[in-house]
Amino acid sequence: MNLLRKWKTQILIFLAVVGPGIITANVDNDAGGILTYSQAGAKFGYSLLWTLIPITVALIVVQEMVARMGVVTGKGLADLIREEFGFRMTFFLMLMLLIADLGNTISEFAGLASGMSVLGVSRYLAVPAGAFIVWALVVRGTYRTVEKVFLLACFFYASYPLSAYLAHPSWKLALVNTVKPSFHFDAPYLYMLIGLVGTTIAPWMQFYLQSAVVEKGISPKDYFHSRLDVIVGCILTDVVAFFIILACAVTIFATGPRDVVDPGDAAIALRPLAGQAASWLFAFGLCNASLFSAAILPLATAYYVCEGLGFESGINKKFREAPAFYSLYTALILVGALAVILLREAYQIPIIMLSQVINGILLPFVLIFMLRLANNEELMGAYRNTRFLNVIAWTTCLVVIALTMILVLSTVFPGYFK
């Protein structure tokens, strides 16, 4: 009876703490992530499934560090960077992240337009409606309300496992390729491998997760449950990635490897091979992910810019209490939605590509800042990184830096990476 009561108490505490880790990780499967995973399956079939295991480990290591810093310090990552490294460094970092996240926000609304077009809805209706919904949710809601809606959105990622199941994959082949690495040294394979890493660990995620942990008021006594929230979230997001790759591998790749230039293309391609239901489920998942991310990305940006520059921030505050926070959030949504409505796709793509390059350039700096802060004994006390964790974290950091720099260079100088 005592054991049962103890387990019941632990589950209730976990349910009270759950949210920031699961939400942040799931937003990683945004329109850009779905496009990357779709391309991996469409061009390379099952052969890249093995990458999801080391990628998940790397994501857990990075996300756990920022969650722990939020729990221990009660401050956001941008706040800590400003205090430890100075205002000037923080200002330029926030400026570059702001530019990158504007491009990311445009890509989310472009993903929403793409998914809704598969379902027969015009972007001129879908994008303004989506922009208003995400704006009203955050501006008019409280943190508790917003978090519940975001957690509900996470459940709709189940559309991807269902879509993959309807495509009738070879489960044995999928399992073998998940546990047995098959590495190739040709440029397209390496480029896709780098893309899978780059789409999984993004700078904005670290800032949002730490800010969400702080705003939720999670204390050190709940650190174990917060860490569990992060681990569960990281595993779930890459399980979804697994099924996206699988769905495209068993349909698009099976009829001839090819590029997927738009995430909506993958949904359309599923139709003749896996049926209308699979196509609609994939498109629905894309719409849900894009709308979900269109709310989180501007919110993450508003959090870290305001924290870094010393302005009031937080969903629990009223507009008059945090005018800079809500004004920035509103501006990002407005500009992102208008760009998709007014600009042709040919003009949107360079903006989105620029944001990915900036993300790649900034990620190494953000990771190094995080590691220095997590090892600061005065700041973290008994919760600072252990030697074992540092080995894992620095190895992860160096690998991510190397792969990210190759990705950035291949984007800026594509002729040298053919």
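**Aromatic pairs and the core**

A: Phe207 and Tyr304 are both buried (under 20% relative accessible area with a 1.4 Å probe, protein chains only; exposed is over 50%, partly exposed in between). This is a predicted model, where local features need pLDDT of at least 70, side-chain atom pairs count only at pLDDT 80 or more, and totals for chains, interfaces and linings use all residues. Residues are numbered from 1 along each chain as its sequence is written, and side-chain values use heavy atoms, with hydrogens and water left out.

A search of the whole structure gives 12 aromatic pairs (ring centres of Phe, Tyr and the six-membered ring of Trp within 6.5 Å; planes under 30 degrees apart are stacked, over 60 edge-to-face, the rest tilted). Phe207 and Tyr304 make a tilted one, 4.8 Å centre to centre with 55° between the planes. Phe207 is in helix H12 (residues 203-216) and Tyr304 in helix H15 (residues 276-309), so the pair ties together parts 97 residues apart in sequence. Helices here are DSSP runs of H or I, at least four residues, numbered from the N terminus.

Tyr303 and Phe325 have ring centres 5.3 Å apart and planes at 55°, so this pair is tilted. Tyr303 lies in H15 and Phe325 in helix H16 (residues 323-342), so the pair ties together parts 22 residues apart in sequence. Tyr303 and Phe325 are buried. Ring pairs also link Tyr303 and Phe325 with Tyr208, Phe319 and Tyr326 in a cluster.

Now the core. Trp204 and Phe207 touch the most other members of the largest nonpolar core, which has 121 residues (buried Ala, Val, Leu, Ile, Met, Phe, Trp, Tyr and Cys joined through side-chain atoms within 4.5 Å). H15 gives the most to this core, with 16 residues.

Notes
Helices (H or I, at least four residues) and strands (E, at least two) are DSSP runs, numbered from the N terminus.
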